[in-house]
Amino acid sequence: MYDLVIIGGGPAGLTAGIYAQRARLNTILIEKQMVGGQIAVSDVIENYPGFPSISGAGLMEKFEEHAKGLGLKISFMDVENITLDGNVKVLKTSEGELRAKAVIVATGARPRRLGVPGEKELTGKGVSYCATCDGPFFRGQRVMVVGGGDTAVKEAVYLSRLAAKVYVVHRRDKFRAEKMHMEKAEATQNIEFLCSHVLKEIKAENGVVTKAVVEDLKGSAIKDIEVEGVFIFVGINPTTDFVDADKDASGFIKTNARMETSVPGIFAAGDCRTTPLLQVATAVGDGAIAAAMAEEYIEGF
Ligand code: NAP
C-alpha cells in the first residue's frame with residue numbers, strides 16, 4: 001500500500017510529488033497521457049516568478065526533472081474511480097488496483113466545447129483547442145479565435161505570428177484577460193477584434209474548415225468570415241468525474257484552505273478545485289499545501 005497516490009502530473013501534482021518525496025512518503029504519481037498538464041502546451045509563460053519568459057513545456061520539464069531527481073515514481077494509467085475500504089483509498093485504474101492511505105487529486109481541467117454546429121465534426125480538420133499544437137498548420141492562413149479570457153487573447157497573439165490574419169470573436173465588449181495580454185494583442189497589426197459577436201456555425205468544404213458564421217449582437221447581422229482555422233478558448237471543465245467528493249455547480253472539487261475535500265484523506269490541488277485564480281503559481285502553492293496536509297493525515301492514519 002502506498003502512503004500517497006497523486007493523480008495528475010501538472011504543476012500541482014509535480015509540486016505535491018516534490019514535497020512528498022522530501023517528506024519520505026512512499027508515493028506514486030499517476031498520469032493519464034503526458035506529464036506537464038495543460039500548461040505544457042502554452043507557448044510562453046511570463047508570470048511564473050524566477051522565469052521572466054519560458055515555454056510551458058520548458059518549465060514543466062524543469063518541474064519533472066526536479067521531482068524525478070528526488071526519486072518520484074511516475075506511472076501512466078487512467079483512474080476510473082476511488083472507493084473506500086475503511087479509511088484506505090482504493091483506486092480502480094486501467095492497470096489494476098492501487099491502495100493508498102491518502103490521495104491528492106491534481107487532474108486539472110480540459111478545454112470547454114462551444115457546442116456550435118460544425119465544431120465536433122471539424123475538430124482536427126480546422127477546429128482546434130490548442131494553438132501551440134495546431135497553430136503551425138495555419139502558417140500564412142486566416143484563423144478565428146473565440147473567447148475573451150487569458151487563453152484566447154494570449155493564444156491570439158501567438159497565432160498572429162504564424163497566421164496572416166487572426167479574428168478574435170468575443171461575446172462582450174469587455175475582456176477578462178490580463179491587461180498585459182490585451183496590450184500586446186491590441187498592438188498586433190494582424191489581429192482584428194470582433195466584440196459583441198458570437199460564433200454561430202463553422203462551415204466546411206471537402207471536409208475542412210472554410211468559413212465561420214458570426215452574429216453581431218448589436219444589430220443581429222449575421223455574416224460569413226472566410227477562415228481556415230477556428231480556435232476555441234471559452235474556458236475549462238475540470239477532470240473530476242471519477243472522484244466522489246463535494247463539487248461546485250461546474251464540477252470543480254470543493255476544498256478548504258488545507259486542500260482537504262469532503263472525504264478525509266482525499267485532497268485536491270490546482271485547476272480541478274474551486275479556486276479564484278488558475279495559474280501555475282497558485283497550482284504550485286496548492287500542491288505544496290496538499291502534500292504537507294497529506295503528510296499530517298498519514299502520520300495519524
Ligand atoms: P476564462 O477565463 O474562463 O475565459 C473564458 C472566455 O470564454 C470568457 O471571455 C468568456 O466570456 C468566454 N466564453 C465562455 N463561454 C462562452 C460561450 N458559450 N460563448 C462565447 N464565449 C464564451 O477561460 P481561459 O481563458 O481558458 O482561462 C482559464 C483560467 O486560466 C483563467 O483563470 C485564466 O486567468 C487562466 N490563464 C492564465 C493565463 C496567463 O497567462 N496568466 C493564460 C491562460 C489561462 P465572458 O468573458 O463573457 O464570460
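Entry 1: I started with N47 and the ligand: an N or O atom in the N47 side chain is 3.0 Å from a nitrogen atom of the ligand. I note here that the model is predicted. Next I looked at R172. One of its polar side-chain atoms lies 2.6 Å from an oxygen atom of the ligand. Then I turned to G149. Here a polar backbone atom is 3.2 Å from a ligand oxygen atom. I also looked up the ligand's surface. Taken alone, the ligand exposes 910 Å², and the protein buries 79% of that.

**Entry 2: the shell.** I counted 19 residues around the ligand. Which of them come nearest? I wrote down G148, D150, T151, R172 and R176. I sorted the shell by class and found 9 polar, 6 charged and 4 nonpolar residues. Which helix gives the largest share of the shell? I found helix α4, residues 150-160, with 3 residues. Domain 1 (2-110 + 236-299) and domain 2 (113-232) each supply at least three residues to the shell around the ligand.

**Entry 3: second largest pocket.** I moved on to the second largest pocket, whose volume is about 160 Å³. I listed its lining in two parts. One part runs G124, K125, G126, V127, S128 and D134, among the lining residues. The list also includes F137, F138, Q141, V208, V209 and E228. Which elements give two or more residues to this lining? I noted β8 (127-128) and β13 (208-216). By class, I found 5 nonpolar, 4 polar and 3 charged residues in the lining of this pocket.

Note on methods. Residues numbered from 1 in each chain as written. Predicted model: local features only at pLDDT ≥ 70, side-chain atom pairs only at ≥ 80, totals over all residues. Heavy atoms only, no water. Near = heavy atom within 4 Å. Polar contact = N/O pair within 3.5 Å; in protein donor to acceptor, adjacent residues only side chain to side chain. Areas by Shrake-Rupley, 256 points an atom, 1.4 Å probe, with all protein chains shown as cover. Helix = DSSP H or I, 4+ residues; strand = E, 2+ residues; numbered from the N terminus. Nonpolar A, V, L, I, M, F, W, Y, C, P; charged D, E, K, R; others polar. Domains from an automatic or database assignment. 1 Å grid on protein atoms, 1.4 Å probe; cavity = no way out; pocket = protein on both sides within 12 Å on 5 of 7 lines; lining within 4 Å. Points joined across faces, edges and corners; volume = space filled by probe spheres on them.
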